[in-house]
Amino acid sequence: MKATVKRTLAPRAVVLATAAAVALVGGAGAATAFAGDDGPAPQSSVQLSKGERGLGDTAKDRAQVQGDEVGQSQATAKALKAVAGTATSAELDSADRNGSLVWEVGVLGKDHKNHEVIVDAGNGKVLSQHADRDDDAAQGAAEAQALVKGAKVGHGKATAAALKAVPGTVVSYGLDDNDRNGSTVWEVDVLGKDHKSHDVTIDAASGKVLNQHIDQDDHNGQGDNDGDDD
């Protein structure tokens, strides 16, 4: 993503794509989750302007953090209340079409399915949640279970370790496997107090910081201003 997690979360990580069928949480309101390119976008209480949506990755991170009223820990707690299980990822993001600022939280449910829970970044309300039902859902859930089994350190301790290494604000985290040796790691994206995006890799077994670096993907946050929200 703006950092490594943010850009690799959707294709690589254990959480689901947002194009699955939507099941609204009872009493959560009329807003709907990301439902693919042709589906309705979520309506949160906070929106980014069109100009902010077109910023490069790091600059967009700054705009999103500035508009966010709900931190990753609160968003995760709300998601876990909606879907009992284990949090495997969270990302602060905005919808292409209306700029609604939300937290997308991935949860491996106690039903052994991957769920995505959309949380309003302005007021913490759960806008929607759905279980992964695509053709690869069973395989994705099995991979998620294997990763969760190998993670002795949860998202809370992992993000705390990342913030100790790089003071700032967590804009995403994700449970993943290490490309080098297959071990389980947490990939945490932090917008540092230096106003730069940092990728921090945490060993999910020990909580040790394995690696950290500044994201250079968008050339110091300038981007190409094409308006894409990837």
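**Confidence**

I began with the confidence of this predicted model. The mean pLDDT of the protein is 81, and 77% of its residues reach 70 or more. I then looked up two stretches. Residues 1–38 have a pLDDT below 50, although this stretch has 121 contacts in the model beyond near neighbours in sequence. For residues 218–230 the pLDDT is likewise below 50, with 25 contacts beyond near neighbours in sequence. Where pLDDT is low, predicted coordinates should not be read in detail, so I left the geometry of such stretches aside.

**Sheet**

I next traced the strand order. The model has an open sheet of 8 strands, and I read the order as E4-E3-E2-E1-E5-E6-E7-E8. The pairing is antiparallel. Which strands are at the edges? I found strand E4 (126–131) and strand E8 (209–214) there, each pairing on one side only. On average, neighbouring strands of this sheet are turned by 25° against each other, direction ignored.

I then examined the pairing of E4. Strand E3 (residues 114–120) runs antiparallel to E4 and is joined to it by 5 bridges. Within this pair, I noted Val-119 opposite Val-126 in E4.

**Helix H3**

I turned to the helices. Helix H3 (residues 57–67) lies across strand E1 (85–94), strand E2 (101–109), strand E5 (168–177), strand E6 (184–192) and strand E7 (197–203). I recorded an angle of about 105° between H3 and E1.

**Helix H4**

Which residues of helix H4 (residues 72–82) are buried? I listed Gln-72, Ala-75, Thr-76 and Ala-79. Seen down the axis of H4, these buried residues fall within an arc of 100°, and therefore they line one face of the helix. I followed their packing partners as well: the buried residues of H4 pack against E1, E2, E3, helix H6 (155–165) and E5.

**Helix H6**

For H6, I found His-155, Ala-158, Thr-159, Ala-161 and Ala-162 to be buried. Their arc around the axis is only 155°, which means that they are on the same side of H6. I then checked the face turned away from this buried side, where the exposed residues Lys-157 and Lys-164 are carried.

What do the buried residues of H6 pack against? I noted H4, E1, E5, E6, E7 and E8. E3 in turn is one of the elements against which the buried residues of H4 pack.

Key
Residues numbered from 1 in each chain as written. Predicted model: local features only at pLDDT ≥ 70, side-chain atom pairs only at ≥ 80, totals over all residues. Heavy atoms only, no water. Pairing = 2+ DSSP bridges. Helix = DSSP H or I, 4+ residues; strand = E, 2+ residues; numbered from the N terminus. Axes fitted to C-alpha atoms, helices over the stretch in contact; angles between N-to-C directions. Contact = heavy atoms within 4.5 Å. Buried < 20%, exposed > 50% of the residue type's maximum accessible area, 1.4 Å probe, protein only. Arc of directions from axis to C-beta. pLDDT = per-residue confidence, 0-100.
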